[in-house]
Amino acid sequence: MFDANGGSILTVSDVSVHFGGLLALDRVTFNVARGSRHGILGPNGAGKTTLFNVITGFVSTQAGIVRLNRNDISALSPHRRARLGLVRTFQITTLFKDLTVLENALLGALVRLGHHRNALRAARDDSQAIALAYEQLEQLHLDHLADMPVQQVSYGEQRQLEIAVSLALDPQVLLLDEPTAGLSHAETHAVIDLIRNLPQSLTVVIIEHDLEVVFQLADHLTVLHYGRRIADGLTQEVREDPVVREVYLGTD
Amino acid sequence: MDLRFWMFQLLNGLTTGALLFFVAAGLTVVFGLMRILNLAHGGLFLLGGFVGWSVQQATGSFTLALVAGAVAAGLLGLILQQAFSRTLLGSPFNQVLLTLGIAFVLNNAYLALWGGAPRSLQAPEIFARSVSVYGITYPAYRLFLIGLAFVSGTALIIFWERSRMGAIIRACVDDRQMASAMGIRVDLVFTFVFVLGAMLAGLAGVLGGPVLGVSIGLDFDVLLLAIVVMVVGGIGSLAGAFAASMLVGLVDTFGRASFPEISYFTLFVPVILILLLRPKGLFGRFTGE
Amino acid sequence: MRRELLILIAAVILALLPRFISTYWVGLMTQALIFGAFAMGLDLLVGYTGLLSLGHAAFFGLAGYGAALAITRWSLDPWLAAGLGIGLSVLVALAYAPLAVRLGGLALLTVTLAFGQVVWGLATRWTTFTGGENGVPGVSRPVLPISSLDIADPIIYYWFSLFWIVLLVFLISRFAHSPVGLSLLGVRDSETRMLALGYNVHRRKVTAFVVAAAVGAVCGILSTYFNKFVGPGSLDWRLSAQMLLSVVIGGPGSLWGPFVAGSGLFIIRTQLVGETQRWVMVLGFLYIITVLVLPGGLASIPVRIRNRRISTLPSGTFDSTGGEGGDV
């Protein structure tokens, strides 16, 4: 149907990626509805992170199309996609570890305000950007760490900061790659609350290993297995899907 | 510019290429193996030259000079590798500074020990004459060098490709983690290769003595050329280093002969183009990352 | 504001210096400041962006040669010639940087070294145009707009250089603390994150490369006019190496450290060359000692002292500048 994906903000159509002889993604297709909480599920090596890399442009597609708001973005570089509002986090924290917590958020805020090309005015004197960065930290209760170098804050706080930095860009779609990986029970709950409290207008795509977390957060699920989509639909439906139960849930 | 002129240049180019190969082999394999750009490699070359010169002065023997030069460079290589291996394996930043620092110290130490006057080694008695090849008269010693490079180059490549030790080294070059997971003592392999590379460089210093002379500054000239060879040949590839040595020797010689005004251009512009357009080298598989 | 005040205070002290030192030392100080500023500019590339260059002398010398040749061969006004020389360097950097910075780590080091050698080779071998090893003598200095100030006077030239260097330092400091400067630190720490935040990482690297080249070019002009001469020495890769060392000894990313180290090394060098022939060895040992004993450079000393007091470990600024391979 022509308007089958009318409510979709992000569509992935027939995307394939090879690494040498290995087929990492095999004609994967799915849509992400605007404002939804979309989970990407799959065992290790299923191609979840590769899928994120393709969506955000870190890996180029060898076949297939990625669309944001119906515009083909398959050929755009990662930074162009980020500017269009497609912002991701990484599984391993990629924060700027020699900078302070505030400076990390500031790098995002500057882009959002379009001040990132300013070469002669001190970033510290950009009260607008500082305020924005601070606001972002406050929202995630990280403001008390503002002047700490990132390498001195705890791992759990770093994971939250990853999200804060991304949010500073005011994304349309936020892609979270295993946001609770390596976190303690309490820290995991903090991150879940954080994601739950994100504005409803923001679309969130989450790769997650922990089924508990996914079922709590996602309203929609896409399940990958060996680079193929084996299920896609509402969380409740996918949970009951016999194929999914066999390859994924059954192994639990 | 008759044919004999070009023939002469061709042989000169191959001579330069032959000497380069001995220097570049160690440099490129060490880089391939441990991602270490050893900027002190030229210093090892020059140590061989100076020690060789001293030994020849004392004994009159070129063979003893060869042995002494190679052993001295090998020993220095061993000392450097043992003393600095921790830093050498650290960030590229530290490596560059450390090996460059060592290169400067060695350069100045040689100046103190052997003085600034250029020295020259005598070619061994049997080669101290000229022979006729295709109508030109050419020093026999240089022909010997070309022959030696081809023979030892082939031997080294066969060792590299066929022997057990060669297979172990190649495994380490390809994937250090995997090799060590297979139980290979990568640190020992590294020491072996580093010392072998140093000995080859020292050997080249002595062998080059009758052709290039032995003088302060030659260490950096040779180092730059060897880096060019490494880039053109592809990092970590012996066969690539051999082909690239000959190519660089020829380009450098013909460049100097044909366009003396811009001869550096003819040598380094191709390097820049290769690095920028084909960072794996003309023959190799590895990038300089 | 505090930073700018400090620059101003330093400038005033330096401006008063000729009252207390001999003419010989005024000349030395002129050159020392030039190399200090050169190293400071290189810090933007090495310390801030984490890219290694062993070839920025090319831009120092290229500007000097451009201006010197324009003055001696085409009788161009030295002011215009300076603009021409700097323009030449910046244009070459602009053309070359986009290709070069695609390479990282040691490959970038190699390609900058090779490029530096090309320029050096042209200067030494193309004797009919560049004067070869003899360089280009007889370069005239610009005439100052105030006729009572004679630029031939060493003190006047010192002030002339100081004026430009203070301006340069002020601009570098501004640039370094601007959003663009912050983004360079971001690129050093995590390229992928910067891409994910919407920064054009490649363009940021090019910017750092070209800005460092432009600073080098201005320094090259000042040095050429100081000597009234330019020779292949200004393109020698050992000059590039010395600048790189200045950055490292001074403390990458601290800006003031490389400035102090760049100036200090020049002075130590001239004093040692006068006394002995051991400059090269001293330089070499300084490299080794810095790497082994003082990673983080001069700038880390105050930090170390402060940290010792509150007994936390010093942060590993130095290791992270090497890109991969830091093990902090």
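Chain A and chain B do not touch, and their nearest C-alpha atoms lie 15 Å apart. Here two residues are in contact if their C-beta atoms, placed from the backbone, lie within 7 Å. Two pairs of chains are in contact, and of these chains B and C share the most contacts.

The structure is a predicted model, in which local features need pLDDT of at least 70, side-chain atom pairs count only at pLDDT 80 or more, and totals for chains, interfaces and linings use all residues. Residues are numbered from 1 along each chain as its sequence is written, while chains are lettered from A and ligands numbered from 1 in the order in which they are written.

**Contact between chains A and C**

On chain C, 24 residues are in contact with 33 residues of chain A. The helices α7 (154-177), α8 (179-189), α9 (191-196) and α15 (317-321) of chain C each supply at least two residues of that side of chain C; α8(C) gives the most, with seven residues. Helices (H or I, at least four residues) and strands (E, at least two) are DSSP runs, numbered from the N terminus. The residues on the side of chain C that touches chain A divide by class as follows.

| Class | Members | Residues of chain C |
|---|---|---|
| Nonpolar | Ala, Val, Leu, Ile, Met, Phe, Trp, Tyr, Cys, Pro | ten residues |
| Polar | the others, Gly among them | eleven residues |

**Chain C as a whole**

Chain C holds 15 helices and two strands. Its radius of gyration, taken over C-alpha atoms, is 20 Å, close to the 20 Å that the globule rule (2.2 Å times the number of residues to the power 0.38) gives for 328 residues, so chain C is as compact as a globular protein of that length. Along its principal axes, the C-alpha trace of chain C spans about 55 × 45 × 40 Å. Of the 328 residues of chain C, 58% count as buried, meaning that 20 or more other C-beta atoms lie within 10 Å of the residue's own.

**The sheet of chain A**

In chain A, six strands form an open sheet of mixed pairing, in the order β6-β7-β8-β3-β9-β10. Two strands pair if DSSP finds at least two bridges between them. The edge strands of chain A, β6 (86-88) and β10 (228-234), each pair on one side only. Strand β9 (residues 220-225) of chain A pairs with β10(A) in the antiparallel sense over six bridges; A:Val223 has A:Ala231, in β10(A), as its bridge partner.

Note on methods: Buried ≥ 20, exposed ≤ 12 C-beta atoms within 10 Å, placed from the backbone.
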